[in-house]
Amino acid sequence: MDKISRVRLWGDDLNIAANNLIIIGGAEDKEKGKEILRYICSKINKEEDTLVVATVATERPRAAKTRYEKVFSSLGVKKIRILDINNREDAYKEENVNLIKKAAMIFFTGGDQLRITSILGGTPIYDEIIEAGNRQCYFVGTSAGASVMSGTMIIGGMDEQSPRKCTIEMAPGLGLINNVIIDQHFSQRGRIGRLLAAVAQNPEILGIGIDEDTAIHVNTEGILRVIGNGAVYVVDGTEMTYSNVSEQHSDEILSMYNVKMHVLTRENQFDLKRKVPFEEENIKDENHR
């Protein structure tokens with residue numbers, strides 16, 4: 001079996017987002033206006049709520065701990081706790097599980113998204129994360145922490161190249177949002193090709209590419225809103241009429257017909273359930289008056 005993972009994502013269209021999610025494309029501003037991080041902090045009670053920073057994705061947890069403790073403290077958050085998990089044994093420790101139980105917001109740092117799932121999957125920490133969602137805890141992720149939010153995540157693929165049939169690697173994610181797949185550092189690393197390849201393999205899902213210093217807030221109704229300075233790209237393959245995606249000749253350039261892409265910027269909104277931007281909804285409403 002070759003290294004390419006072909007993963008099909010299943011989910012309930014009526015429950016595309018069961019959680020409050022803030023998903024960042026990476027490299028969010030931590031020095032100047034801190035727009036995205038400031039927005040994140042506005043969603044909790046900065047005096048009383050516990051913000052848990054999960055450094056599991058990174059092999060340099062001390063650096064991540066110092067960076068985010070400093071920035072969240074500067075934004076007025078009083079209760080910052082670090083979930084420092086470096087192996088599966090740590091994910092069984094009662095003190096770590098109790099941290100999740102107290103969290104009003106869990107922030108996943110960047111690093112390697114496969115570290116998050118391979119360390120947390122099937123452990124008491126993962127079970128408690130799901131419970132946290134049931135009590136309306138906010139989940140935030142940046143870079144690798146963004147990719148891991150979906151039920152299926154991209155873990156590898158060629159940047160800055162034309163899309164090829166099967167040269168993208170995917171694996172199960174945390175499953176905090178259904179029927180989407182997320183890529184980050186999007187335009188900065190030229191990742192449109194690999195997102196198109198992901199949608200070609202799974203045309204029932206939406207591909208979402210998020211630029212650096214840009215985020216999406218997805219509420220429990222499945223409404224996406226853009227925050228920050230870059231763009232968000234939504235690739236919809238629902239009405240695709242043809243693709244040549246196949247295991248055969250996997251290095252060939254990918255061909256796809258009738259694929260739709262929306263480009264969203266600051267304050268733009270998109271209905272993930274209906275797969276339409278709000279502007280399109282308004283136009284249709286006016287035409288039916």
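Which residue forms a salt bridge with Asp159?

What you see is a predicted model, where local features need pLDDT of at least 70 and side-chain atom pairs count only at pLDDT 80 or more, while totals for chains, interfaces and linings use all residues. Residues are numbered from 1 along each chain as its sequence is written, and side-chain values use heavy atoms, leaving out hydrogens and water.

First, the whole chain. The protein chain has eight helices and 17 strands; these are DSSP runs numbered from the N terminus, with helices being H or I of at least four residues and strands being E of at least two. Of its 289 residues, 52% count as buried. Buried means under 20% relative accessible area, exposed means over 50%, and partly exposed is in between, using a 1.4 Å probe and protein chains only. As for contacts (heavy atoms within 4.5 Å), residues 24 or more positions apart account for 76% of those with a separation of 6 or more.

Now back to the opening question. The partner of Asp159 is Arg194, and their closest N and O atoms are 3.7 Å apart. We call this a salt bridge when a side-chain nitrogen of Lys or Arg is within 4 Å of a carboxyl oxygen of Asp or Glu. This pair links distant parts of the chain: Asp159 sits in the loop between β6 (152-157) and β7 (168-172), whereas Arg194 is in helix α7 (residues 192-201), 35 residues apart. Asp159 is partly exposed because its relative accessible area is 29%, but Arg194 has 7%, so Arg194 counts as buried.

Through shared partners, salt bridges join Asp159, Asp183, Arg191 and Arg194 into one network.

Where does Arg191 come in? Its side chain forms a salt bridge with Asp183, at 3.7 Å from N to O. Arg191 is buried because its relative accessible area is 8%, and Asp183 counts as buried because its value is 0%.

One last stop, please: Ser147, in helix α6 (residues 144-147). Leaving aside residues up to four places away in sequence, Ser147 touches Gln113, Met153, Ile154, Ile182, Asp183 and Gln184.
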